[in-house]
Amino acid sequence: MGVIAAYRSLTAEQKQIIKERALNVNRPVDELIALLRPLAACDRLVGKSGSFGCYGALTIPLLIVTGILMGNRVLPPALAALVFIALIGAMILCFTMWGWAKSIDLHDGLSSFALPMLTVFRDDFDRAKPVHLQLDLHAPDDKTKLVSKSDPYKKGAYHKIIDSIFKDEWCSGEGVLSDGTKLRWSVRDAIRKRAKTKRNARGKYKSKTKIKKITTLDVSMSMKKKRYDVAGGEGQTIEEGENAHTVSIRRRVRGETLTPMQLDPFVEAVTSIYGNAKPLKEK
Amino acid sequence: MDTCAARRGFLTMRDCGEPANQLCITCQRPMCTEHLSSSSGYQQCLDCFTKAEQSNTVEQSKNVDESDPAWAYRYRRDYYSSSGYHAIYYGSTNDNYYDDLDVRSFDDDVNAGGLDDDDGGERAGFADS
């Protein structure tokens, strides 16, 4: 299914989510998965549609060649004009498609983290109770997430460096598991994008962008005292309530790309809490 | 026929409990449609299907395809074997099929009565935004 067909098959609610780049819902887990799965499928196809831009760019040298052939009268004028118009049309179509696909591109965290997480833990969530999920689907380096931008400065061979800091709180949620445990999580990225420009020995200007990212994952689980005894583990803090132990854990993951955190750190955090919980016999 | 013998869940495991409509051709356990692998023509249960993949040393769970019903079971099996995590079993069947997953129960013997899932009236209380 192409990206256009995939987009057309979405419901009005799903198209609205794409338009607003935001999701904030309370739904049972099965409904949530049914809502997000087509969005993730469409987004994956969008990710593959970068070739529209390549095809559009390919028409430019072809136009130049056609123009030269037309000028040198190698091609009959009528044929050359036809080819020229066809290439112009193809170029406009490719760039329009590329621009449209970019406009519906969603944060990769939907398909790399949120949906897989719900799928893996689908049978752990209480099916009758809603899961609250909040997603910010703007790109990690979208201007809405820009916190600060430095003035240009020099360092070493680079005569112009600009640092942009982004804060991307892209996923949070809470739900009740089938054993009564309340699970809460949040994932946020702090991103530094450094654009550097220098002039090399041959006088050419060279630019590059480097990214540093710290992902902070916070997980807390309120486990019923009548079901579990909690010993705690490394990096875990425990708060004792009247009916439940609340175990919290924080994980930090460093990265050098905008690719969002995958599922494994979250699963490791949650299972480390459960791994240190001892189930109690019902009295 | 009996109820489905599959165990649901990742953090904790519980019996599926749905009516079974077919036996798995590998383990001969009764299975509901949800726990039969479509890739096997609904002949093999998801556990046997993913076990066979694991024994072929194909690490497929890294390729996220959550639309594939077997993917979550693949991920579960791979994660349990690589991390050593032991899920807690809330159920009442004495089935040694899952012995290799080394699930935890309340003690060495299965609690025949199972655990009451009644929350005692606690409500999540989430409101739609």
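Helices (H or I, at least four residues) and strands (E, at least two) are DSSP runs, numbered from the N terminus. This is a predicted model, in which local features need pLDDT of at least 70, side-chain atom pairs count only at pLDDT 80 or more, and totals for chains, interfaces and linings use all residues. Residues are numbered from 1 along each chain as its sequence is written, and side-chain values use heavy atoms, with hydrogens and water left out.

Which residues of helix H2 (residues 12-20) of chain A are buried? They are Gln14(A), Ile17(A) and Ile18(A), buried meaning under 20% relative accessible area, exposed over 50% and partly exposed in between (1.4 Å probe, protein chains only). Looking down the axis of H2(A), you find its buried residues within an arc of 100°, so they line one face of the helix; the arc is that of the directions from the helix axis to the C-beta atoms. On the face turned away from this buried side, select the exposed residues Ala12(A) and Lys19(A). Just after H2(A) comes Arg21(A), which takes a positive phi of about 55°.

Next, select Ile60(A), Ile64(A), Ile68(A), Phe95(A) and Trp98(A), which form a nonpolar patch on the surface with about 450 Å² of accessible area together. Such patches are made of residues with over 30% relative accessible area and no salt bridge, nonpolar side chains (Val, Leu, Ile, Met, Phe, Trp, Tyr) being joined within 5 Å and like charges within 9 Å. A salt bridge is a side-chain nitrogen of Lys or Arg within 4 Å of a carboxyl oxygen of Asp or Glu. Helix H4(A) gives the most to the patch, with 3 residues, and Ile68(A) lies in this helix.

Finally, turn to chain B and select Trp71(B) and Tyr75(B), which both lie in helix H2 (residues 69-83) of chain B, 4 residues apart, about one turn of the helix. Their ring centres are 5.6 Å apart and their planes at 45°, so the pair is tilted; rings of Phe, Tyr and Trp (its six-membered ring) pair if their centres lie within 6.5 Å, with planes under 30 degrees apart counting as stacked, over 60 as edge-to-face and the rest as tilted. Trp71(B) and Tyr75(B) are both buried.

Methods: Chains lettered and ligands numbered in written order. Areas by Shrake-Rupley, 256 points an atom, 1.4 Å probe, with all protein chains shown as cover.
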